[in-house]
Amino acid sequence: MGFDPLDLGKLPSGIVNRTLGTDLDSAPVHMSGLAHRHAAEKHPGDYPLCLPHLRDAVRDPTFIGQAPKHRDNIELIRRIPGGGGSGVLVAVSVETDAAGRYRVRSFYVVSQEEIDRKRAKGHVRLALK
């Protein structure tokens with residue numbers, strides 16, 4: 001199976017900046033073939049469920065956050081339709097690459113319980129649209 005690079009649209013920097021208090025620029029979000037393969041191999045059960053929702057998660061996240069141990073990434077979470085409250089989490093770098101793109105680090109499913117825990121700890125917030 002080939003793992004082609006994917007362009008997922010522009011980071012909604014206005015929403016991210018309002019939600020997190022950051023000052024990120026609007027730039028394309030790119031997933032390299034290597035990152036694509038990493039997600040497929042590290043999260044094989046989540047991969048087919050997440051893949052159709054990646055662009056929506058990047059363009060219109062339900063929740064946005066930063067894990068304390070991964071301050072160089074932001075987490076964009078969007079609920080999966082018919083997923084019982086679960087969502088797809090897309091981890092995206094906060095620094096752009098040499099081509100001026102934000103890079104996807106990984107993606108996987110997060111349960112409603114995990115979203116609730118992250119919210120309670122203040123690690124993710126409802127996206128301020």
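1. Arg 55 sits in helix 4, residues 54–59 (helices are DSSP runs of H or I with at least four residues, strands runs of E with at least two, numbered from the N terminus). Please keep in mind that this is a predicted model: local features need pLDDT of at least 70, side-chain atom pairs count only at pLDDT 80 or more, and totals for chains, interfaces and linings use all residues. Residues are numbered from 1 along each chain as its sequence is written, and side-chain values use heavy atoms, with hydrogens and water left out.

2. With a relative accessible area of 38%, Arg 55 is partly exposed (between buried, under 20%, and exposed, over 50%; 1.4 Å probe, protein chains only).

3. Leaving aside neighbours within four places in sequence, Arg 55 is in contact with Leu 6, Asp 7 and Leu 8 (contact means heavy atoms within 4.5 Å). A polar atom of the Arg 55 side chain lies 3.2 Å from the backbone oxygen of Asp 7.

4. Now to the sheet, which is open and mixed in pairing, with seven strands in the order 1-2-6-5-4-3-7 (two strands pair if DSSP finds at least two bridges between them). Strand 1 (6–10) and strand 7 (124–126) stand at the edges with a single partner strand each, so one side of each has no neighbour in the sheet.

5. Strand 3 (residues 63–65) and strand 4 (residues 73–79) pair in the antiparallel sense over three bridges. Here, Ile 64 stands opposite Leu 76 in strand 4.

Notes: A polar contact is a pair of N or O atoms within 3.5 Å; within protein, one must be able to donate a hydrogen and the other to accept it, and residues adjacent in sequence count only if both atoms are side-chain atoms.
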